[in-house]
Amino acid sequence: MSNDILFLAEFTGGSPARSALELATGAAELASQSGGSAVALAYGPGAADGAAALGAHGATRAIVLGDDDRPAIAYAAAVVSAARDGGLALLAPATPNGRDVAAVLVGTLDLPAFGPVRAARFSEGTIETEQATLQGSVITTSCPVDGAATPSVVLVLANTFTPNEGGSGSAEVSQAPAAEDLAFTQVTVAESHEADAKVVNLEEATIIVAGGRGVASEDGFGPLRELASALGGAVGASRAAADAGWIPYQLQIGQTGKVVKPSLYIGAGISGAIQHRVGMQTAEHVVAINKDPDAPIGEFADLFVVGDLFQIIPALTDEIRRRKGT
Amino acid sequence: MKIVVCIKQVPATGADKRYADDLRLDRAGVEAIINPLDEYAIEQALRLVDDGSVESVTYLSMGPEQASEALRRALAMGGDDAVLVTDPALAGADEWGTAKVLAAALDKLAPDVALMGMASDDARGSLVPGAVAAMRNLPLLSYGAELNVADGAARVRRLSATGYDWLSAPLPLVATVTDQVGEPRYASLKGIMAAKRKPMQTWSLSDIGLSADDLHGAALTRVTDTRAPEEKPPTERIENLPAAEAATKIADWLTTRKLI
Ligand SMILES: Cc1cc2nc3c(=O)[nH]c(=O)nc-3n(C[C@H](O)[C@H](O)[C@H](O)COP(=O)(O)OP(=O)(O)OC[C@H]3O[C@@H](n4cnc5c(N)ncnc54)[C@H](O)[C@@H]3O)c2cc1C
């Protein structure tokens, strides 16, 4: 059994997802504690050419599982083969794709699973993870039971680790062992569609301006987009706004939308329902703009601005542009 | 065509929950409901019955005796029968332990589609469906905004980061659906009455060919500590100011934190 830390490195459209860079850095951090190396399991379009560059973010080695545009789950069989070869822990992004692959590992190899975690470390050779549970009111620490198999599977929220930049290392690239013949390879993409409106991947955004029912219409999102662009961020939404058809579902934040962990979340016209909260409560800074002084979001925001979003947001956009000189 | 919908009884959303001294969730005295996201799986299954592509719907739950209430409530929405797997050895099961039990029960029920909600309200790994699929070596179609079955295969419409895909795999398989499949139907009074007469079986571990030893205490993980989160500074408020002044204050706040 090696002391290596494996991580899933997903590639899309020719380049690594931000999660791949974050996990490279996270895996390197854990590997320095466990006395092993950070090893990327790279898959998806661009993985073959791009895997070596993960070295700049912390990966010592990279195993290329495949370069095709297949559903992530179709790579699960190859991940299983790689994980059989050893490793103390395997980090997976807490995204739908990451969870699918992690779940297959847990079920195929009977591995302990943790997460989504907000921190992980090694203590006397054993992984120890921290999770926020019960709507963030409790932090639990967990570890594998004695004698549990390895690698431990750890789901990691976006922005838990900050990717190392400016490194120049190159990961030593190898090809994957032959994938086992598991049923998951039978999942295929029958059709693929782009959303009508262009949407960004919210999980990767570090600044998010989110709008809810209070935004009142599709056009109401205009001022939010302006603010997001002044801040260099992206626009998100509550389910109420997505249900109303004002914004695509890909931008919904919450229990059944994206779980985000930006450095700044600004919520406008959002009441702060529990299902929304679980998708954004780990943001580093939460600003809420709401005309109801008693809105629940005011109870957990860092800064609560009571007022009409249609007056405050344009004024804030102007002020930010003025300060940035743009 | 036969569907088994796996459901979990959970504490009501927003109920006051806490960890007991044994580091397990204290469920005593908390109202219990069907995991809200499982109701969408029920709704999806019943819609497939309505449109004639599925003949029967069975509900499966692992949990304490009281979880039979959740199964009755599901039967009141529609469907044919239910199975509760309950055993003292299952207290404190983690996602792996839960998957192990559901997989064994599903082997016995042998549905074309084992359908589940996309996540449970009280645990956030969303790993059970995929682990069940892996244990049974079946394909997984997850996070469907819509599910259909035809010609020996199932398809789900799944949102991607920037659009959506239709994913397809041959039956039998495991699938999960999201809250986009449509609002769950209410149980009618007639449904509630009918549910009382629908068959419900209770299985122990040995009924599904497992022993407590196979399950290592039903968990591969353990909670070693619980604590309160770091104290956050109290919420700062900006109120009763004209928009321009409020904007200046917000910008100051952001600047102090190096966010601009
Ligand atoms: C199973 C399930 C899953 C769910 N998943 C999600 C999820 O993933 N994400 C999610 O967001 N929700 C989810 N929900 C829905 C959630 O319960 C709430 O209904 C939803 O989040 C409410 O959205 P909202 O805050 O935009 O709307 P509301 O609760 O209606 O709040 C609107 C707010 O806007 C304020 N407002 C109105 N006008 C203005 C103005 N001009 N200026 C400033 N403020 C104004 C009001 O004071 C109010 O506080 C889920 C629900 C269920 C049952």
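## Helices around the ligand

In this predicted model, the shell around the ligand, meaning residues with a heavy atom within 4 Å of it, draws at least two residues from each of helix H6 (239-243), helix H7 (274-277) and helix H9 (309-324) of chain A and helix H1 (36-50) of chain B; helices are DSSP runs of H or I with at least four residues, numbered from the N terminus. Because residues from chains A and B surround the ligand, the site is shared between chains.

Local features need pLDDT of at least 70 and side-chain atom pairs count only at pLDDT 80 or more, while totals for chains, interfaces and linings use all residues. Residues are numbered from 1 along each chain as its sequence is written, chains are lettered from A and ligands numbered from 1 in the order in which they are written, and side-chain values use heavy atoms, with hydrogens and water left out.

## Contacts with the ligand

Among the 28 residues around the ligand, those that come nearest are A:Arg213, A:Ser238, A:Ser271, A:Gln275 and A:Asn290. Polar contacts, which are pairs of N or O atoms within 3.5 Å, include one of 2.6 Å between a ligand oxygen atom and the side chain of A:Ser238, and one of 2.6 Å between a ligand oxygen atom and the side chain of A:Ser271. The protein covers 82% of the 1,000 Å² of accessible area (Shrake-Rupley method, 1.4 Å probe) that the ligand has on its own.

## Domains of chain A

An automatic or database domain assignment divides chain A into domain 1 (5-186) and domain 2 (197-324), and their centres, taken over C-alpha atoms, are separated by 30 Å.

Key
A polar contact is a pair of N or O atoms within 3.5 Å; within protein, one must be able to donate a hydrogen and the other to accept it, and residues adjacent in sequence count only if both atoms are side-chain atoms.
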